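Have a look at the sequence and the model below.

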Amino acid sequence: MLIDRWINDGSEPMLERVLRFTAARHRLIAEDVVNVSTPGYRQKDLSLERFQKMLAERAEQAQESGLDPTSFDDVVAQPEDANRGILFHDGQNRSMEQLMSDQAKNALMHNLAIELLRRQFQTIESALKERL
């Protein structure tokens, strides 16, 4: 499971990639909220499921090859049109409720990654203080 890899020590590169993803997704959601009433505007989003699948595949490849995964730079999510909800006469699918739900879920995932990184850095810090 992907969350197990996040919790284990040595997952800083993966958590960094998650933080970059959530920041980029937050920008897209904010752009969608700002343009919710703009005629002809097509909402964009980053697929959370696709990103998690790519990240898990990359982690499995690194584990199978026995390499230390120090970089997940090849895991990149591409913006895509958000095809959900009802299309209005102007071709837009504006759903403020869905956008706010996506934003809240994204913020939770971002905060989880930050807390896990903070915990790992505190562990390193406490280990270093014991040496002194």
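## Charged pairs and a helix face

Arg118 and Glu115 sit 3 residues apart in helix H4 (residues 96–131), so about one helical turn separates them. This is a predicted model. The two side chains meet in a salt bridge, at 2.4 Å from N to O. Arg118 is partly exposed, with a relative accessible area of 41%. Glu115 is partly exposed as well, at 39%.

Helix H4 holds another such pair, Glu125 and Lys129. They are 4 residues apart, which again means a separation of about one helical turn. Glu125 counts as partly exposed at 41% relative accessibility. Lys129 is exposed, at 55%.

In total, the model has 4 salt bridges. Three of them are listed here.

| Pair | N to O distance |
|---|---|
| Arg25 and Asp45 | 3.0 Å |
| Arg118 and Glu115 | 2.4 Å |
| Glu125 and Lys129 | 3.6 Å |

Arg25 forms its salt bridge with Asp45. This pair links distant parts of the chain: Arg25 lies in helix H2 (residues 12–34) and Asp45 in strand S1 (residues 44–45), 20 residues apart. Both Arg25 and Asp45 are buried.

Now turn to helix H3. Phe51, Leu55, Ala56, Arg58, Ala59 and Ala62 are buried in H3. These residues cover an arc of only 160° around the axis, so they lie on the same side of H3. The face turned away from that buried side carries the exposed residues Glu49, Lys53 and Glu64.

Key:
Residues numbered from 1 in each chain as written. Predicted model: local features only at pLDDT ≥ 70, side-chain atom pairs only at ≥ 80, totals over all residues. Heavy atoms only, no water. Buried < 20%, exposed > 50% of the residue type's maximum accessible area, 1.4 Å probe, protein only. Helix = DSSP H or I, 4+ residues; strand = E, 2+ residues; numbered from the N terminus. Arc of directions from axis to C-beta.
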